[in-house]
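Here are my notes on the model, point by point. Please read them with the structure open.

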Amino acid sequence: MELNSLLNGIKVISKIDYKNVDINNLCHNSKEVKNNDLFFCINGTNCSGEVYANEAIKNGAAVIVTEHRLNINVTQLVVSDVRMVMAKMAKNFYDNACDKLKIIMVTGTNGKTSITYVLQSIFNAAGIKCAIIGTNGIFYDNNQLYYGLTTPDPIDLHYYFKQLLNLKVEVVIMEASAHAIYLNKLYGIKGEAIIFTNLTNEHLDFFGDMEHYSKVKLDYINSQNFKLVVANADSEYSNKILANKPVLFYGLNNPAHTFAVNIKHSLNGSNYFVNCLDDILEIKSNLTGLYNVYNVMACITLCYALEIKPEIICLGIKNLKNIPGRFNVVNLENNNKIIIDFAHTPDGFLNVLGEIKKYCKGKIITLFGCVGYSDVIKRNEMGKIASDNSNEIIITSDNPNFEDFNKIATDIKKYVTVPVTENADRFSAIEIGINKLNKNDILVLLGKGAETSNLIKGKKIEHNDFNAVKQILNINNFSIKENA
């Protein structure tokens with residue numbers, strides 16, 4: 001694409017040695033640059049952008065986008081915000097494909113992935129072609145097109161928008177992470193609606209405190225990017241959503257457009273009635289836990305706004321058997337169970353373990369770790385919640401990266417009062433947990449969900465909790481109970 005076309009709608013402070021070259025590709029990694037590529041010069045944590053720019057030019061870059069004039073001999077575009085320009089240029093480069101798709105964003109601390117899967121099942125029941133972009137990757141028609149960041153970087157993101165459009169996808173359901181919003185990955189993308197789930201302590205290592213973390217999310221929700229907001233009325237942050245567009249609320253404790261009654265739970269799922277805008281729906285769901293009632297109510301509210309028929313909504317919810325890595329139950333002999341869940345926040349721990357505690361007739365053994373970038377307070381809280389809701393704890397690794405495992409374990413144990421086993425090797429720790437099971441006991445594996453690797457000392461080590469369980473039990477296949 002010609003550079004002139006790439007610059008459509010983009011404000012450039014200055015153009016230096018400008019030539020309307022034909023750009024082959026966009027890159028923000030200097031090592032991946034090839035001949036006639038355009039390179040976005042983003043300052044690194046420990047290195048100036050100029051070092052990357054020189055490497056990019058050496059590899060064939062024809063244009064450099066930068067926030068400061070550099071001493072280089074190719075066309076450079078000086079802009080006020082490279083990340084924002086990268087998002088807009090990526091959109092232009094891939095023919096503004098996202099403008100031709102109906103995009104539904106889901107944001108909040110917990111519940112995002114589950115909501116995307118529930119919505120997908122409802123849309124499938126309605127005959128609407130849809131795709132998911134989120135924590136588990138990019139999925140369309142049971143095919144995984146991408147696995148990586150929850151919200152891909154803009155160049156990848158807009159590439160996949162174009163691929164999905166070519167596949168005749170009509171709706172994209174997308175998780176909007178706080179980091180993606182802050183780093184302008186989503187700049188220039190307009191959506192049909194955004195669902196807001198909740199805000200609890202998370203990513204405070206990056207944002208510093210809840211005030212800054214919540215502001216990033218709420219500013220995005222309150223932007224002019226969406227025609228509709230669907231929000232959790234029981235979140236203390238929902239009252240900060242501005243009434244500059246239609247807002248529909250769901251909840252159980254505060255006045256809402258959508259609420260549920262007669263809720264009955266088991267480890268096999270939930271049954272209840274939902275009142276949505278004065279229509280009554282009988283819900284039969286394979287998803288267990290009160291938190292999933294909230295997730296389902298969010299989906300019902302949105303689908304009502306999109307004029308999907310109630311019977312189709314109920315069918316889509318019923319059709320969803322499980323969500324990969326979300327409360328997946330593996331049944332063993334002696335009424336033993338292994339439950340695998342992605343929960344990695346204090347709120348997530350409380351939701352999952354609180355639910356399991358209601359139904360377990362034996363001991364609960366909880367295995368988890370804390371990521372290397374997590375703050376000490378979060379580790380303290382997760383350890384306490386696990387201790388309060390378990391009979392025994394196994395502390396292991398969960399993306400520790402360069403942080404010392406013993407330091408993480410010490411932080412976790414501050415308020416723990418039940419027996420603790422420590423093993424940094426997650427596979428070995430799972431094997432220990434399985435060997436501890438007696439009749440009616442439940443082993444809970446938290447933090448990884450459907451993830452396929454463990455980040456240790458800068459390297460992604462292959463690991464998946466499901467595969468570890470299969471290998472330890474020496475079985476080729478097991479069925480996940482039809483709940484999530």
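1. A definition first. A surface patch here is built from residues with over 30% relative accessible area and no salt bridge, and nonpolar side chains are joined within 5 Å. The model is predicted.

2. The nonpolar patch. Phe259, Val261, Phe273 and Ile280 make a nonpolar surface patch of about 330 Å². Phe259 sits in strand 14, which spans residues 258–266. Is Phe259 buried or partly exposed? Phe259 is partly exposed, because its relative accessible area is 34% and buried would require under 20%.

3. Which strands form the open sheet, and in what order? Six strands line up as 17-18-22-19-20-21, with mixed pairing. Strand 17 (328–331) and strand 21 (420–422) are the edges, and each pairs on one side only. On average, neighbouring strands of this sheet are turned by 15 degrees against each other, direction ignored.

4. Strand 17 pairs with strand 18 (residues 337–341) in the antiparallel sense. Four bridges hold this pairing. Within the pairing, Val329 stands opposite Ile339 of strand 18.

5. Helices on the sheet. Helix 13 (residues 405–412) packs on the sheet. Helix 13 touches strand 19 (364–368), strand 20 (392–395) and strand 21. The direction of helix 13 makes about 155 degrees with that of strand 20. Helix 15 (residues 465–473) also packs on the sheet, touching strand 17, strand 18 and strand 22 (442–446). The direction of helix 15 makes about 160 degrees with that of strand 18.

6. Partners of strand 6. Strand 6 runs parallel to strand 10 (residues 171–175), joined by five bridges. Lys102 has Val171 as its bridge partner in strand 10. Strand 6 also runs parallel to strand 11 (residues 191–196), here with four bridges. In strand 11, Ala193 is the bridge partner of Ile104.

7. Ser453. This residue lies in strand 23 (residues 453–456). Ser453 counts as buried because its relative accessible area is 16%, and the limit is 20%. What does Ser453 contact, leaving aside its neighbours within four places in sequence? The contacts of Ser453 are Asn399, Lys448, Lys460, Ile461, Glu462 and His463.

Note on methods: Residues numbered from 1 in each chain as written. Predicted model: local features only at pLDDT ≥ 70, side-chain atom pairs only at ≥ 80, totals over all residues. Heavy atoms only, no water. Patch = residues over 30% accessible without salt bridge, like charges linked within 9 Å, V, L, I, M, F, W, Y side chains within 5 Å. Areas by Shrake-Rupley, 256 points an atom, 1.4 Å probe, with all protein chains shown as cover. Salt bridge = Lys/Arg side-chain N within 4 Å of Asp/Glu carboxyl O. Helix = DSSP H or I, 4+ residues; strand = E, 2+ residues; numbered from the N terminus. Buried < 20%, exposed > 50% of the residue type's maximum accessible area, 1.4 Å probe, protein only. Pairing = 2+ DSSP bridges. Axes fitted to C-alpha atoms, helices over the stretch in contact; angles between N-to-C directions. Contact = heavy atoms within 4.5 Å.
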